[in-house]
Amino acid sequence: MTESGAQLFARLEARRCLKDIEPQLFPELGGPNHGEVVELHGPEGTGKTELLYHLLCRCVLPVAIGGLEVGVVFVDTDYSLDMLRLVSILDSRLNAARSTGSSPDDSNESALRLCLSRLLVVHCSSSSQLVLTLHFLETSLSSRPGLALLVIDSISAFYWLDRCEGGASVAKQEEKLNKCAELLGRLLRDYRITVFATCHAIRRSYNGPTCSSSDYDRPYLCRSWQRLVTHRLLCSRQEAANNMAAAAGGSKEQRRRQVFTVSCTSSGSRTKASSSSAFYVTDGGVKFI
């Protein structure tokens with residue numbers, strides 16, 4: 001069946017914008033707009049995964065309890081998606097909403113099933129599979145205007161494997177990621193989705209035995225990927241002294257927990273801006289300070 005220009009426009013306009021996904025994270029100009037990319041970057045143990053689950057839950061939860069109620073495609077390249085943890089966070093949010101009377105009358109189980117029905121999980125074990133996944137994702141996006149977010153965890157999963165297979169040629173090392181960036185660029189342009197992607201930190205400085213967090217902060221993926229990124233969330237873990245100071249005004253629970261910092265740098269079509277926030281992790285997910 002053919003589709004007229006008016007039908008195409010109506011379908012694309014129906015895709016939800018994610019600017020309000022988390023006001024605590026993004027500068028005053030707001031979060032990601034249609035066709036923008038958010039990269040979550042930082043060393044292991046800095047809260048990236050929990051932050052990603054928090055944003056994912058915000059997307060699939062119903063509007064009635066503060067969610068966005070949009071569809072999400074989760075591309076798991078690390079095979080590290082913890083569905084039990086994700087379900088636990090969703091269940092906690094639904095229970096909290098029910099206790100305040102803001103949740104719909106549906107049972108928690110049916111509400112949870114409805115949230116999970118908005119999530120499509122795809123696994124990839126190589127950069128070639130990732131390229132094919134992005135290629136065939138167009139079919140899902142064209143038929144489901146409710147899909148607003150594509151999550152890739154992580155975009156750098158096959159970095160070392162591709163470097164090894166590419167040999168001494170930088171062009172061959174980056175060939176598949178360049179192809180992924182090209183396909184993502186087309187999906188962003190044609191279907192107005194938003195992309196969140198985690199990126200493993202890699203130490204680029206080998207000049208001494210010690211290392212600082214700045215050694216891990218530098219972008220290292222190919223330039224075609226870097227050109228797509230419009231928002232960069234840099235996660236770090238606060239030192240013990242700063243940890244206590246940051247949570248000094250909070251509860252005993254806050255003071256016991258590890259505090260993480262996330263710095264957001266936004267660029268692209270809008271004016272460059274930056275912001276910083278702190279959070280800790282509970283059984284019910286991320287809590288901002």
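## Basis of the model

Residues are numbered from 1 along each chain as its sequence is written, and side-chain values use heavy atoms, with hydrogens and water left out. As the model is predicted, local features need pLDDT of at least 70 and side-chain atom pairs count only at pLDDT 80 or more, whereas totals for chains, interfaces and linings use all residues.

## Helices α2 and α3

Two packed helices are described by the angle between their axes and the distance between the axes. Helix α2 covers residues 48–60 and helix α3 residues 83–100; their axes come within 10 Å and cross at roughly 55 degrees. The two helices are therefore oblique to each other (angles under 35 degrees count as roughly parallel, over 145 as roughly antiparallel, 65 to 115 as roughly perpendicular and the rest as oblique).

On the α2 side, E50, Y53, H54, L56, C57 and V60 meet R85, L86, I89, L90 and R93 of α3, where contact means heavy atoms within 4.5 Å. By class, this contact has 7 nonpolar, 1 polar and 3 charged residues (Ala, Val, Leu, Ile, Met, Phe, Trp, Tyr, Cys and Pro count as nonpolar, Asp, Glu, Lys and Arg as charged, and the others, Gly among them, as polar).

## Aromatic residues

The structure holds 4 aromatic pairs (rings of Phe, Tyr and Trp, the last by its six-membered ring, with centres within 6.5 Å; planes under 30 degrees apart count as stacked, over 60 as edge-to-face and the rest as tilted). The ring centres of Y159 and W160 lie 5.0 Å apart with planes at 75 degrees, so this pair is edge-to-face. Y159, W160 and Y220 form one aromatic cluster.

Y159 is buried at 15% relative accessible area, while W160, at 52%, counts as exposed (buried means under 20%, exposed over 50%, partly exposed in between, with a 1.4 Å probe and protein chains only).

Key
Axes fitted to C-alpha atoms, helices over the stretch in contact; angles between N-to-C directions. Helix = DSSP H or I, 4+ residues; strand = E, 2+ residues; numbered from the N terminus.
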